[in-house]
Amino acid sequence: MPVIENNAFVDDAWSHLHDGDSATDRSMIIVPLARLDEALADWPADHRGLGVDVPNDVDVEQLTPHLERLDIVTLNFPGFADGRAFSQARSLRHTDHFGGTIRARGSFLPDQYGFLLQSGVDSFEVSDRFPLDEWVRHADTVPATYQRDYATGGLATRPFAEAGARPDRPHYG
């Protein structure tokens, strides 16, 4: 599948570990959540290149103790009308302050792209059904969140999606 990052198609450096595959002596792999503990047990603490694929019916809070060792979390959209992964992304990014890549994969549409960016997603496995310009056209269509900003009591702006707002974290701008 094509991958979009920073509003451009990129080569996907990640591969998904399938049942029966070994994570030993590999990097840039995404393991199923069910195999995360196994992968972490064999993964050197200072070695990078490990990610996890999370079903959308899982409480991502269970990832919190492992987030420092993960570089990517993929969230699944089994259908375009199933938005549970939006909440997962927001929780990872804004509650757990996950600094790695959050990737959306599955069935979502270009008109959801801006909302995904707003939720903290910064990488997208997309179908080739829509051209890149269709995705990019929707990147800035959401000027404010629908979440309450508890500091001001009003609608929150998107400081994490404004260009250059957080240069140390590319998904913030």
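The model is predicted, so local features need pLDDT of at least 70 and side-chain atom pairs count only at pLDDT 80 or more, while totals for chains, interfaces and linings use all residues. Residues are numbered from 1 along each chain as its sequence is written, and side-chain values use heavy atoms, with hydrogens and water left out.

Select residues 72–77, strand β6. Strands (E, at least two residues) and helices (H or I, at least four) are DSSP runs numbered from the N terminus. Six of the six residues in β6 are buried, meaning under 20% relative accessible area with a 1.4 Å probe, protein chains only. Ile 72, Thr 74 and Asn 76 point one way, and Val 73, Leu 75 and Phe 77 the other way. In a regular strand the side chains alternate between the two faces of the sheet.

Then show β7 (residues 101–106), parallel to β6 and joined to β6 by six bridges. Asn 76 stands opposite Arg 105 in β7. From β6 the chain reaches β7 through helix α2 (residues 84–95), in a right-handed β-α-β crossover (clockwise from the first strand over the helix to the second, with the strands pointing away from the viewer).

Finally, select Leu 63, Val 73, Leu 92 and Phe 124, which touch the most other members of the largest nonpolar core, a set of 37 residues. Such a core consists of buried Ala, Val, Leu, Ile, Met, Phe, Trp, Tyr and Cys residues joined through side-chain atoms within 4.5 Å. Helix α2 gives the most to this core, with four residues.

Terms used. Buried means under 20% relative accessible area, exposed over 50%, partly exposed in between (1.4 Å probe, protein chains only). Two strands pair if DSSP finds at least two bridges between them.
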